[in-house]
Amino acid sequence: MLWAGRSAVEIATAVRQGEVSAVTVVEEHLHAISERDPRVGAFRLVREQAVDEAHAVQKRRDLAELPLAGVPVAVKDNLEVAGEATRGGSAATATTPAREDHETVARLRAAGAVVVGLTNLPELGLVAFGDSPYGIVRNPWNLTRTPGGSSAGSAAAVAAGMVPLALGNDGMGSLRIPAACCGVLAIKPGTGLVPAPTDDWDRLIENGPLATTAPDLSLALSVLAGDPALAEAWRSGRRVEPRPTMLRSVWADDDEVWEPQPPPDSPEPFDLRVAYAPQPLPAGMPMDREFRAAVRAAAETLRVAGHTIVEHGRRLPAWLGPATVAAWLVQAATSVRGLDPGRLERRSRGLARVGKVLGALKLSGVRGRERWRAYGADQWFGDADALITPALAAVPPRAERWGERGFLRNSLTNIRYAPATGAWNMCGWPAITVPIATHSSALPIGVQLIAPPGGEPHLLGLAAQLQRAHPPLRPPGFAF
């Protein structure tokens, strides 16, 4: 296979220039899925009709202008894909096929991407695991470990080289957690940049992409946001319009066609004030020492790249954690409304039951969220342009049927291993996860970078600089 395992930028460029057809690319990725997914369990549904859709892309008159021409993508199974049922990891959801694509899916397809499958997630996306009635998603780095969640299948599919890009969403870390577990990149955009899912948990959830390279992530985010300038944000840390040097004139049938060229090999230098917080959690919450060390290593890498680096010594306020947990549980109660309790997992029923009680007691986390959004996040963050923290607090738990267990085991395990992401959903700030090292457990280590509203270009630029110093790795057994 020549194209499975290539980046989205490489694939789209080759399809636009006629070096390979979209059909060949999609067929190779479907073959890779058939070989690899029986071990991983990333997909609930593989779409064989993707080949026909690739033929349609190849015939498009605007093929030479499509930013994602022929790029295979996977879509988390809680976003509507026309003609397919949206199951959300649950046996209790409707089997009726969606009549139209969710707007994010429609934007990917309009840009030339081909949806090759729907990826697994825990029931209703409520937890940071990958199990559901449709099976257990496994971490490609260690099949006994969870890939995180809730965008579990999307992260695992990218990590295992089954697709170069995947679409997921993030309510309390559901993009960043699995990206960190699986050694890929993911960005949670700030509020309003990308169209949200139908059930957006009162604007806690944002849709976003996962990829293995910063240029791919920038390209996907630009398409999802409808902002072409973001495609080059990884290069300079800011939104920039395509420059004439990025285009090439070719001749076809006596008509001049302008084709985008592959981006340069390295990001441009730029100078930001970057803070780092190896242990941002409130007192009493432990943080793996290797994750703390990775934050310091990322800070040093960015210092060498020319940024001003300062240590952020404060911890997140103690009141924010309970407010975040309360918001999560109350939204779990909202998510199960109208579904048959007899068809829900034990875990979902337990989370929703506690959330319903909290809601009745007016302990929904709303006041804490308002306090954090109004002034708390900005004051705590300080005057930095970006902040580096650990993405996880402990290595991912085992890949098991957590859905058959109750509220206490699921909630405590989630909070212990992945408590560092939810704060940024509570205030709607953008955040990204970037793999930077390998843990002594042989699992990847990802760091989280956060920026104030509008800071997505900064995050993409910093991610590119980190990747240049710490090249992405494929999990053992899945390298092409």
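Modeller: Helices here are DSSP runs of at least four residues and strands are runs of at least two, numbered from the N terminus. With that in hand, Asp77 falls in the loop between strand E2 (72–76) and helix H4 (103–110). Keep in mind that this is a predicted model.

Biologist: Okay, then why does Asp77 count as buried?

Modeller: Buried means under 20% relative accessible area. Asp77 has 1% relative accessibility, so Asp77 counts as buried.

Biologist: And which residues does Asp77 touch, not counting those up to four places away in sequence?

Modeller: Asp77 touches Arg44, Ala85, Thr86, Arg87, Gly88, Gly89, Leu118, Thr119 and Leu121.

Biologist: Let's step back to the chain. How many helices and strands does the chain have?

Modeller: The chain comes to 15 helices and 15 strands.

Biologist: How do you know that the radius of gyration agrees with a compact globule?

Modeller: For 480 residues, the globule rule gives a value near 23 Å, and the chain has 21 Å, so the two agree. Taken along the principal axes, the C-alpha atoms fill a box of roughly 70 × 55 × 40 Å. Buried residues make up 61% of the 480 residues. Of the contacts with a separation of 6 or more, 75% are between residues 24 or more positions apart.

Biologist: On to the helices. What makes H2 and H3 roughly antiparallel?

Modeller: The axes of H2 (residues 22–40) and H3 (residues 50–58) cross at roughly 160 degrees and come within 8 Å. Angles over 145 count as roughly antiparallel, and therefore that is the name for H2 and H3. Their crossing is right-handed.

Biologist: Which residues meet there?

Modeller: From H2, Ala22, Val23, Val26, Glu27 and Leu30 meet Ala50, Val51, Ala54, His55, Val57 and Gln58 in H3. That contact divides into eight nonpolar, two polar and one charged residue.

Biologist: What about H7 and H15: what angle do their axes cross at?

Modeller: H7 (residues 214–225) and H15 (residues 456–469) cross at roughly 160 degrees, with axes that come within 9 Å. That is why H7 is called roughly antiparallel to H15. H7 passes H15 in a right-handed crossing. On the H7 side the contact is made by Ala214, Leu217, Ser218 and Leu221, and on the H15 side by Glu456, Leu460, Ala463, Ala464 and Gln467.

Biologist: What makes H5 mostly covered?

Modeller: Eight of its eight residues are buried. They are Ala152, Gly153, Ser154, Ala155, Ala156, Ala157, Val158 and Ala159. H5 is followed by Gly161, with a positive phi near 75 degrees.

Biologist: Which peptide bond is cis, and what is its omega?

Modeller: The bond that joins Gly149 and Ser150 is cis, with an omega of about 10 degrees. Ser150 has its place in the loop between strand E5 (135–136) and helix H5 (152–159).

Biologist: Now Leu124. Why does Leu124 count as buried?

Modeller: Its relative accessibility is 17%, and the cut-off is under 20%, so Leu124 counts as buried. Leu124 is in the loop between strand E3 (114–119) and strand E4 (131–132). Phi of Leu124 is positive, near 60 degrees, in a residue other than glycine.

Biologist: And where is Asp202?

Modeller: Asp202 is in the loop between strand E7 (185–188) and strand E8 (206–211). Phi of Asp202 is near 55 degrees, a positive value, and Asp202 isn't a glycine.

Key:
Residues numbered from 1 in each chain as written. Predicted model: local features only at pLDDT ≥ 70, side-chain atom pairs only at ≥ 80, totals over all residues. Heavy atoms only, no water. Axes fitted to C-alpha atoms, helices over the stretch in contact; angles between N-to-C directions. Parallel < 35°, antiparallel > 145°, perpendicular 65-115°, else oblique. Left-handed = near helix turned anticlockwise from the far one by under 90°. Contact = heavy atoms within 4.5 Å. Buried < 20%, exposed > 50% of the residue type's maximum accessible area, 1.4 Å probe, protein only. Rg over C-alpha atoms; globule rule 2.2 N^0.38 Å. Nonpolar A, V, L, I, M, F, W, Y, C, P; charged D, E, K, R; others polar.
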